Amino acid sequence: MPITVQGAIARSKGAPVELTSIVIPDPGPGEVVVDIETCGVCHTDFHYKEGGINDDFPFLLGHEAAGRVSVIGEGVTHVAVGDFVVLNWRAVCGDCRACKRAEPWYCFNTFNATQKMTLTDGTELSPALGIGAFAEKTLVHEKQCTRVNQDADPAAVGLLGCGIMAGIGAAMNTGNVSHGDSVAVIGCGGVGNAAVVGSRLAGASVIIAIDRDAKKLQKAQELGATHRIDSSGLDEDGVVAAVQALTGGFGADVVIDAVGRPETWRQAFYARDLAGTVVLVGVPTPDMMLEIPLLDVFGRGGSLKSSWYGDCLPERDFPMLTDLYLQGRLPLADFVSERIGIDDIEAAFAKMASGDVLRSVVVL
């Protein structure tokens with residue numbers, strides 16, 4: 001029978017996070033209920049709250065989560081009750097045109113639960129990224145659950161569910177960073193610093209961290225950046241010149257924009273070497289426009305890419321990265337700045353905006 005639990009919702013654009021009772025239906029065919037243990041406070045949740053994604057309010061926020069499967073629906077074979085899982089929002093279908101051309105990380109028909117979670121008055125909730133994990137339990141499709149080693153700390157590996165995977169994947173999957181490459185990362189919040197870690201894992205010899213915040217730059221260096229550029233006093237040309245000065249005058253092989261603004265993308269475009277790669281992983285807002293001479297696009301060559309979810313395959317990448325974490329080779333725990341209660345989410349958004357944390361993690 002349906003169960004009622006506490007969850008954190010955004011009822012309208014710009015409204016504070018509200019704790020309320022939500023109803024979880026019995027899982028139907030292909031659906032499961034997951035008991036949430038931890039959920040990271042991600043900038044995407046803030047975008048939902050502020051109406052920056054769409055206006056399908058009310059939203060059940062939260063998506064960067066780990067927990068255990070507690071109930072399964074008819075026909076579920078992908079997971080079993082008791083499995084420790086990290087939730088993902090790219091449950092590939094295996095049958096769309098992207099999957100059929102062997103590019104499942106672009107899957108155009110990813111799975112979500114069919115049924116809706118609701119408020120107690122029957123109002124349907126829109127789960128953030130199809131997950132909705134700022135709650136004691138959530139309803140998802142079975143393939144949104146990726147089993148990982150249960151010895152891992154949920155607060156650490158749960159971050160693979162979104163931001164940390166986005167950054168690591170931007171470097172390793174989208175940017176194809178290779179041994180000996182030079183990489184510049186613009187914006188050293190959670191995603192940007194994960195890109196620093198991903199570049200180090202991939203064997204980059206030069207990793208340049210760029211930010212206006214000295215604390216973030218210090219953290220980037222601790223996580224593997226070889227050089228730091230404080231951009232607080234630099235214009236766009238100054239940032240480009242600083243990257244070129246650290247790369248023999250040429251620019252970096254791969255530049256990752258983890259901010260997602262027109263000015264940072266232009267910095268990334270001009271700070272790369274000829275035929276180098278730009279990766280956009282920071283999420284722009286709908287009103288942002290980019291102007292750049294088309295001749296420069298033609299003349300500089302190379303690749304201009306956007307990275308969705310780090311172009312990851314959860315079933316491949318989450319278990320592998322969890323194992324690296326347990327081996328001490330991937331410092332996921334360093335991204336957990338604080339562990340908070342579900343009633344502290346609004347304050348966590350403020351800390352995120354001020355740059356005081358890489359990730360606040362709600363413990364349920």
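**Salt bridges, cysteines and a buried valine**

Author: Start with Asp 35. At 25% relative accessibility, Asp 35 counts as partly exposed. Keep in mind that this is a predicted model.

Reader: Is Asp 317 buried or exposed?

Author: Asp 317 forms a salt bridge with Arg 316, the closest N and O atoms being 2.6 Å apart. Arg 316 is partly exposed, at 40%. The cut-off for buried is under 20% relative accessible area. Asp 317 has 4%, so the answer is buried.

Reader: How many disulfides does a search of the whole structure find?

Author: Take Cys 96. Its closest cysteine sulfur, in Cys 99, is 3.7 Å away, too far for a bond. A disulfide needs sulfur atoms within 2.5 Å. The search of the whole structure finds zero.

Reader: Which helices does the salt bridge of Glu 236 and Arg 266 tie together?

Author: The two side chains meet at 3.0 Å, N to O. Their positions are 30 residues apart in sequence.

Reader: What is the relative accessibility of Val 281?

Author: Val 281 is in the loop between strand S15 and helix H9. Its contacts include Ala 166, Val 191 and Ile 256. Val 281 counts as buried, at 10%.

Key
Residues are numbered from 1 along each chain as its sequence is written. This is a predicted model: local features need pLDDT of at least 70, side-chain atom pairs count only at pLDDT 80 or more; totals for chains, interfaces and linings use all residues. Side-chain values use heavy atoms; hydrogens and water are left out. Helices (H or I, at least four residues) and strands (E, at least two) are DSSP runs, numbered from the N terminus. Buried means under 20% relative accessible area, exposed over 50%, partly exposed in between (1.4 Å probe, protein chains only). Contact means heavy atoms within 4.5 Å. A salt bridge is a side-chain nitrogen of Lys or Arg within 4 Å of a carboxyl oxygen of Asp or Glu. Lists of a residue's contacts leave out its neighbours within four places in sequence.
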